[in-house]
Amino acid sequence: PSSMVPAFDAKGGVRTIFKLLSSESQLIRLQALKLLGFFLSRSTHKRKYDVMSPHNLYTLLATRLGGAGAGDALSLPVYNALYELLTEHVGQQILYTSHPEPQPHFRLENPMILKVVATLIRQSKQTEQLLEVKKLFLSDMTLLCSNNRENRRTVLQMSVWQEWLIAMAYIHPKNAEEQKISDMVYSLFRMLLHHAIKHEYGGWRVWVDTLAIVHSKVSYEEFKLQFAQMYEHYEQRRADNITDPAERQQRPISTISGW
């Protein structure tokens, strides 16, 4: 590794990895993620920063994996590979079932992968398989944060982490699965906010930011719900396609005007 990592970097190996991530073959994409994981796990912090940060490669990673060639949903094997990137515990074998639970000493070595996974979950088509991946992701986050104080601190230091975390909750859950996922999200919020107020200097600012972001999310969901009800009311009483004058007079609404 001491000689291969600098050579891999100098020869544009990371650029090749991102080209491979555009492949239509899931196996090639998974192997490319493994290769990226091996490279990052054997790189110094400075090299990782110099390679990944200036060109927003984590954002590009989410874009490539969420592209047309990657399918409609974040599959379990892809999530397993991203989890290995997150913790830098990379194995050669591709896992098609849930990976083992994270150990207490596991660290969030590449925390931006959290946002990558959250972005892919948000952009993917909602299926039963995706819900399972979502629950596994939240479970991993819970274990990683509850077992390690530094992991909680790492998440709290991320920029607007509240946005992608609250986006995974269902403000108005429609079934037990959605309620369970929402409870997992709220549990993570409790854990992180408790740590912020108890252990971090100026942790109250995290509470202020969180309240603002959550309020924005809830307000938007309430607006969508109200607008849907308003449109349904309009559809029931619209009169612009009725030709009978008598019936039209009984149903005078032909535009959406609110309540």
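1. The largest cavity is lined by Leu30, Lys34, Pro77, Asn80, Ala81, Glu84, Gln93, Ile94 and Leu95. Two elements, helix 3 (26–41) and helix 6, each give two or more residues to this lining, and helix 6 gives the most, with four residues. Sorted by class, the lining of the largest cavity divides into five nonpolar, two polar and two charged residues. The volume of the largest cavity is about 40 Å³, and the structure holds one cavity of 30 Å³ or more.

2. The model is predicted, and the points in this note should be read with that in mind. The protein has 13 helices and zero strands, so that, by the DSSP runs on which helices and strands are based, the pattern read along the sequence is α-α-α-α-α-α-α-α-α-α-α-α-α. Of the 259 residues in the protein, 41% are buried. Among contacts with a separation of 6 or more, 64% are accounted for by residues 24 or more positions apart.

3. The open space comes next. The largest pocket holds about 480 Å³ of space, and of the 18 residues that line the largest pocket, the closest to its centre are Ser53, Tyr58, Asn110, Pro111 and Met112. The elements that give two or more residues to this lining are helix 4 (45–52) and helix 5, with helix 4 giving the most, namely four residues. By class, the lining of the largest pocket is made up of eight nonpolar, seven polar and three charged residues.

4. On the side of helix 2 the contact is made by Val14, Phe18 and Lys19, and on the side of helix 5 by Leu57, Leu60, Leu61 and Arg64. The residues of the contact of helix 2 with helix 5 comprise five nonpolar, no polar and two charged.

5. A second pair is formed by helix 9 (residues 149–156) and helix 11, which pack at an angle of about 95° with their axes 10 Å apart. Helix 9 and helix 11 are therefore roughly perpendicular to each other, because the range for that description is 65 to 115 degrees. Helix 9 brings Arg149, Arg152, Arg153, Val155 and Leu156 to the contact, while helix 11 brings Met191, Leu192, His195, Ala196 and His199. By class, the contact of helix 9 with helix 11 has five nonpolar, two polar and three charged residues.

6. How is Gly203 placed in relation to helix 11 (176–199) and helix 12? Gly203 lies in the loop between helix 11 and helix 12, and Gly203 is buried, with a relative accessible area of 5%. With neighbours within four places in sequence left aside, Gly203 is in contact with Ala196 and Ile197; Ala196 is also one of the residues that helix 11 brings to its contact with helix 9. The C-alpha atoms of Gly203 and Leu193 are separated by 8.0 Å, the two residues being 10 residues apart along the chain.

7. Is Lys217 buried or exposed? Lys217 is found in helix 12 (residues 204–237), and at 19% relative accessibility Lys217 counts as buried, because the cut-off for that class is under 20%. When residues up to four places away in sequence are not counted, Lys217 touches Ile166, Ala167 and Ile171.

8. Thr87 is buried, with a relative accessible area of 2%. Its contacts, leaving aside neighbours within four places in sequence, are with Phe106, Arg107, Glu109 and Leu144.

Key: Residues numbered from 1 in each chain as written. Predicted model: local features only at pLDDT ≥ 70, side-chain atom pairs only at ≥ 80, totals over all residues. Heavy atoms only, no water. Buried < 20%, exposed > 50% of the residue type's maximum accessible area, 1.4 Å probe, protein only. Contact = heavy atoms within 4.5 Å. Nonpolar A, V, L, I, M, F, W, Y, C, P; charged D, E, K, R; others polar. 1 Å grid on protein atoms, 1.4 Å probe; cavity = no way out; pocket = protein on both sides within 12 Å on 5 of 7 lines; lining within 4 Å. Points joined across faces, edges and corners; volume = space filled by probe spheres on them. Axes fitted to C-alpha atoms, helices over the stretch in contact; angles between N-to-C directions. Parallel < 35°, antiparallel > 145°, perpendicular 65-115°, else oblique.
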